[in-house]
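Me: Could you walk me through a part of this model? I would like to take it slowly.

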Amino acid sequence: MTGKIGINYGREGDDLPSPYKSIQIMKSMKVGQVKLNDSNPEILTLLSGTKIHVAVTVPNEEMIRIGSNETYAEQWVRNSFIPFYPNTLIRFVLVGNGVLNSDIDSDRIALYDSLLPAMRGIKKSLNNHDIRNVKVTTTLSMDVLQTTFPPSNGTFRSGISGTVMPRMLKFLNRTKSVLFLDVYPYFAWSANPKNISIDFALLRGNITQTDPGSGLVYTDLLDQMLDSVTFAIEKIGFRNIRLAISGTGWPSAGDIDQIGANIYNAATYNRNLIRKMTLNPLPGTPKSPGVVIPTFISSLYDENHKIGPGTERHWGLLHANGTPVYEIDLTGSRNMSDYKPLPPAENNEPYKGKVWCEVAPWVNEVSLPSAVSNVCGIDNQTCAALAPGGECYEPVSVVWHANYAFSSYWSKYRSQGAICSFNGLARETTVDPSRGRCNFPSVTL
């Protein structure tokens with residue numbers, strides 16, 4: 001396994017550079033590894049002959065079919081792996097993504113039941129083709145843990161700790177594979193900024209915390225998160241499972257209610273991460289010193305088709321046109337003092353005031369009528385003011401009606417988890433869009 005920094009190459013965006021151009025960009029950035037969300041044949045072909053190590057993913061829907069029959073595992077290996085290997089340096093096959101992140105329910109039974117059979121089937125097929133140095137594993141998030149702090153208290157959720165986790169860890173241990181984890185200190189810090197220092201989350205290394213259970217001393221939140229998983233693994237009987245970071249990073253922008261999402265923090269986190277992971281000798285973590293931790297930064301590009309809060313569309317090191325969001329050196333050889341000054345962080349404290357939800361300026365109006373119809377069909381009151389003769393009916397414009405519908409729905413249902421996104425059609429604003437007798441509902445932060 002290489003300690004060179006990797007990147008997540010996602011493609012959920014408009015007008016992103018072509019795969020050919022993207023790989024040229026990666027080579028110019030000296031990307032050491034790349035993680036794909038699938039096994040795209042064009043990209044795997046273009047990566048042939050490069051020195052970039054590759055992690056391919058078997059998507060969840062494909063995993064269910066593969067897990068049902070070993071014939072499908074062999075078929076996947078023949079079609080999605082053999083044509084490209086070894087000229088393309090595929091090092092990891094990630095079977096499924098986040099399968100165990102949520103508790104099992106009627107919608108997830110097929111995913112749970114398919115995970116291990118699919119992993120075993122693909123590994124068996126690779127062995128049958130005498131391919132033994134490719135690690136077969138899966139990707140999980142910190143949601144698999146029931147407790148994470150202090151790290152020595154790390155335990156898996158009760159629904160998986162005595163069932164699927166021991167069986168999966170036994171497979172990883174037997175095949176000398178690694179467990180891939182999405183580890184985002186941003187989410188842990190932004191959920192609890194009063195009790196977690198932002199310097200600790202940004203890996204500045206100027207704060208120490210001692211775990212009272214283990215006596216281990218921590219200088220950053222990332223190490224704490226990783227070690228909480230290692231302690232959880234040990235609690236169910238495994239001591240030699242290696243970890244890899246399938247995704248980490250910091251968003252460079254986000255919604256108004258998303259604290260700390262800015263260019264200053266994003267650049268600081270990723271620069272410190274790279275410096276940490278490329279040190280010689282390798283630091284590992286307090287619990288596992290000196291080990292290589294393959295690390296993939298999220299992500300190569302900002303991807304505007306990602307759904308969810310605003311931060312989802314701002315994890316990229318590059319804008320969609322391929323230009324840098326901020327300066328970054330993936331090799332870790334550049335001194336911090338050599339970077340140009342960054343714009344100051346202006347949202348490290350929560351915003352206080354009223355916020356509305358409006359149509360995003362980049363949206364094609366053709367998408368709006370169906371969205372408005374869906375929102376207004378939720379109940380009789382959300383869009384009552386938009387009825388003919390209502391106080392917000394005029395001006396009769398699809399954007400105006402969408403602005404009101406989005407704001408009204410968000411203000412009514414935010415307490416139940418609604419976000420101002422509407423599949424990427426909306427954004428938050430602090431500018432009151434109300435006019436005349438039409439008062440837009442708002443959210444008070």
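Reply: Three strands make an open sheet in the order E14-E13-E15, with antiparallel pairing; strands (E, at least two residues) and helices (H or I, at least four) are DSSP runs numbered from the N terminus, and two strands pair if DSSP finds at least two bridges between them. This is a predicted model, where local features need pLDDT of at least 70, side-chain atom pairs count only at pLDDT 80 or more, and totals for chains, interfaces and linings use all residues. Residues are numbered from 1 along each chain as its sequence is written, and side-chain values use heavy atoms, leaving out hydrogens and water.

Me: Switching topic, where is Gly 389?

Reply: Gly 389 lies in the loop between H12 and H13.

Me: Why does Gly 389 count as exposed?

Reply: Gly 389 counts as exposed because its relative accessibility is 62%; buried means under 20% relative accessible area, exposed over 50%, and partly exposed in between (1.4 Å probe, protein chains only).

Me: How far apart in space are Gly 389 and Val 164?

Reply: Gly 389 and Val 164 are 58 Å apart in space, C-alpha to C-alpha, and 225 residues apart in sequence.
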